[in-house]
Amino acid sequence: PAGAFELNKRGHTVYVQASAGEGSGFLDEEYVSAGAKILATAAEIFDIAEMIMKVKEPIEVEYNMIKPDQLVFT
């Protein structure tokens, strides 16, 4: 949520996949409070985001979701 807050504060739209932060102890509501928008699936995010940020590398089911003009940061 802190990173989402900083990016949002600087004018970026931040999308977070629903329940993505639960493994780290962060609830969706915390991301929303930080200014992020929650989307249900990774596919929804890959479809509209200019930059994809992940804790780990993309997984095989995500390979075809990455567009040629997207930046992927892991």
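1. Phe 26 is partly exposed in this predicted model, its relative accessible area being 32%. Tyr 31, by contrast, has a relative accessibility of 13% and counts as buried, because the limit for a buried residue is under 20%. These two residues form an aromatic pair, with ring centres 6.3 Å apart and planes at 75° to one another; the arrangement is edge-to-face, because the angle is over 60 degrees. A search of the whole structure finds 1 aromatic pair.

2. Strands β3 (51-53) and β4 (71-73) each supply at least two of the patch residues. Phe 73 lies in strand β4 and, with a relative accessibility of 46%, counts as partly exposed.

3. As to the overall fold, the chain has 3 helices and 4 strands, which follow the pattern α-β-α-β-α-β-β when read along the sequence. Of the contacts between residues at least 6 apart in sequence, 26% join residues that are at least 24 apart.

4. The radius of gyration of the chain is 12 Å, which agrees with the value near 11 Å that a compact globule of 74 residues would have. The C-alpha trace spans about 30 × 25 × 20 Å along its principal axes.

Notes: Residues numbered from 1 in each chain as written. Predicted model: local features only at pLDDT ≥ 70, side-chain atom pairs only at ≥ 80, totals over all residues. Heavy atoms only, no water. Phe/Tyr/Trp six-rings, centres within 6.5 Å; stacked < 30°, edge-to-face > 60°. Buried < 20%, exposed > 50% of the residue type's maximum accessible area, 1.4 Å probe, protein only. Rg over C-alpha atoms; globule rule 2.2 N^0.38 Å. Contact = heavy atoms within 4.5 Å.
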